[in-house]
Amino acid sequence: MEKIVGLIDAPFTPFHPNGDVNLEPIGAYAAMLQKNGLKGVFINGSSGEGYMLTTEERMQLAEHWLSVVPAGFKVIVHVGSCCLRESRRLAEHAQAHGAWGIGSMAPPFPHIGRIEELVKYCEEIASAAPELPFYYYHIPAFNGVYLPILELLQAVDGRIPNFAGIKYTFESLYEYNQCRLYKDGKYDMLHGQDETILPSLAQGGAQGGIGGTTNYNGRELVGIIEAWSRGDLATAREKQNFSQEVINVICRYRGNIVGGKRIMKLIGLDLGPNRIPFRNMTDEEELNMKAELEAIGFFERCNRF
């Protein structure tokens with residue numbers, strides 16, 4: 001299977017003020033991401049508030065993204081759900097409408113506590129879209145699934161034919177690298193933490209990733225990879241350190257899903273509010289966050305339309 005080279009964005013879901021899905025900004029959104037060096041999108045995931053969308057909304061979003069993305073721009077659809085039958089429905093829909101791939105995190109409920117349980121969950125979803133690469137989305141902070149991921153690769157090997165790899169959103173660079181080395185790099189290990197792209201490159205083989213702060217800081221994050229590729233370690237370090245400064249700011253405003261989504265408004269694309277129970281930023285918080293971003297020179301370096 002093709003391995004992803006470059007960064008895939010995890011987009012926010014646009015909402016109208018009343019909370020309904022707003023499809024109108026997506027065409028401009030996709031064009032902006034490509035212009036700033038992103039290679040595709042992983043829609044309806046954690047940044048997109050996927051578990052707070054109905055199945056019909058998720059299908060509608062998938063269809064619309066697929067209809068407006070530029071040529072060659074990959075669309076991976078997150079199809080995870082607490083209801084496995086809904087996940088299979090979403091996987092079948094993604095395949096029928098021309099998605100590049102599908103992915104799923106483990107459900108937040110019921111808790112998965114054994115490798116075999118996780119393999120069976122992935123197997124059921126992947127088999128519903130056998131023509132598409134399937135990625136497991138490892139994000140234990142969201143679902144409490146702190147299982148040894150190298151053991152997952154060993155268990156799926158030869159059992160799930162379209163298992164492509166893992167979106168690895170966890171702090172263990174050791175485990176990430178061990179998974180990357182498994183059978184000489186058999187599986188596509190997509191780095192999932194924007195704050196540690198450079199260390200993953202330095203370990204000698206990371207080629208792709210999926211990020212959330214790429215929505216507004218994609219130029220700098222893509223720049224880390226470009227600088228590393230040409231042997232410019234000083235620039236790569238500076239860009240990684242700057243990207244961590246941006247993350248430090250959003251962490252003071254309830255993280256990427258809340259603070260990051262409001263940054264999109266500040267750079268010219270208002271994607272509306274977050275859904276309850278997320279606590280939306282106040283106007284005062286927005287002004288404070290803008291001032292903090294100005295202080296680090298963010299608006300001179302952020303994504304451009």
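E117 is partly exposed, with a relative accessible area of 33% (buried means under 20%, exposed over 50%, and partly exposed in between, using a 1.4 Å probe and protein chains only). E117 forms a salt bridge with R114, and their closest N and O atoms are 3.1 Å apart. R114 itself is exposed, at a relative accessible area of 57%. A salt bridge here is a side-chain nitrogen of Lys or Arg within 4 Å of a carboxyl oxygen of Asp or Glu.

## About the model

This is a predicted model, in which local features need pLDDT of at least 70 and side-chain atom pairs count only at pLDDT 80 or more, while totals for chains, interfaces and linings use all residues. Residues are numbered from 1 along each chain as its sequence is written, and side-chain values use heavy atoms, leaving out hydrogens and water.

## Links across the sequence

Let's turn to K183 and D157. Their salt bridge has its closest N and O atoms 2.8 Å apart. K183 sits in the loop between helix 7 (173-181) and strand 7 (188-191), and D157 in the loop between helix 6 (149-156) and strand 6 (163-168), so the pair ties together parts 26 residues apart in sequence. Helices (H or I, at least four residues) and strands (E, at least two) are DSSP runs numbered from the N terminus. K183 is exposed, at 51%, whereas D157 is buried, at 16%.

E220 and R301 also meet in a salt bridge, at 2.6 Å from N to O. This pair links distant parts of the chain, 81 residues apart: E220 is in helix 9 (residues 214-229) and R301 in the segment after helix 12 (283-295). Both E220 and R301 are buried.

## The wider picture

The structure holds 21 salt bridges. R88, E116, K120, E123, E124 and R159 are joined in a salt-bridge network.
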